[in-house]
Amino acid sequence: MKFWLSPDLFNNIAISFSEYRWNLLAWSVFSFMLFVILQYQVTQTTPTFLIWLAIFVLFSAFQTLVLASFIFFFQVLPSSKVKDDQWYKFYRSIEWCETILFGFILPLPTLLFIYAFITV
């Protein structure tokens, strides 16, 4: 049975973007720090544009953190390293759980930002 999302597909994507994992992690940390700095500058008289900029920076920090963690989780599949059938099934079930979890988590920060933008 062929699934649209699978650990192997995520592994291939993570391998192709693995060179960016540290850059994404650094951008995430930088974005969180920028958000904290912007948050101290926000007052009652702050223009709406700057508030939305701060919110955008926060959600982009979340998105880059999720992308970096995706690459770290799927860069190497543990099931590809084991020879024992029981360990293979164990690792494969964990990889499927991670696949389902990241299937929901990957688009979440962007969708939440769009939701916030539409509802406010």
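Let me begin with how secondary structure is assigned here: helices (H or I, at least four residues) and strands (E, at least two) are DSSP runs, numbered from the N terminus. On that basis the protein has five helices and zero strands, and along the sequence the pattern reads α-α-α-α-α. Please keep in mind that this is a predicted model, in which local features need pLDDT of at least 70 and side-chain atom pairs count only at pLDDT 80 or more, while totals for chains, interfaces and linings use all residues. Residues are numbered from 1 along each chain as its sequence is written, and side-chain values use heavy atoms, with hydrogens and water left out.

Along the principal axes, the C-alpha atoms fill a box of roughly 65 × 30 × 20 Å.

Next, burial and contacts. Buried means under 20% relative accessible area, exposed over 50%, and partly exposed in between, with a 1.4 Å probe and protein chains only; by this criterion, buried residues make up 30% of the 120 residues. Contact means heavy atoms within 4.5 Å, and among contacts between residues at least 6 apart in sequence, 82% join residues at least 24 apart.

Now the interior. A nonpolar core is a set of buried Ala, Val, Leu, Ile, Met, Phe, Trp, Tyr and Cys residues joined through side-chain atoms within 4.5 Å. The largest such core has 11 residues, namely F10, A14, L24, V66, A68, F70, I71, F74, L77, F102 and L106. Helix 1 (7–16) and helix 3 (48–74) are the elements that give two or more residues to this core, and helix 3 gives the most, with five residues. Apart from it lies another core, of five residues, among them F35, L38, A54 and L58. Returning to the largest core, one of its members is V66, and, leaving aside neighbours within four places in sequence, V66 is in contact with F102, I105, L106 and P109.

What does S31 touch, once residues up to four places away in sequence are not counted? S31, which has its place in helix 2 (residues 21–41), touches V57, S60 and A61, and S31 is buried, with a relative accessible area of 9%.

F62 is partly exposed because its relative accessible area is 35%, and, not counting residues up to four places away in sequence, F62 touches F32 and P109. F62 and T110 are 48 residues apart in sequence, yet 8.8 Å apart in space, C-alpha to C-alpha. F49 is likewise found in helix 3, but F49 is exposed, with a relative accessible area of 62%. The C-alpha atoms of F49 and S16, which are 33 residues apart along the chain, are separated by 36 Å.
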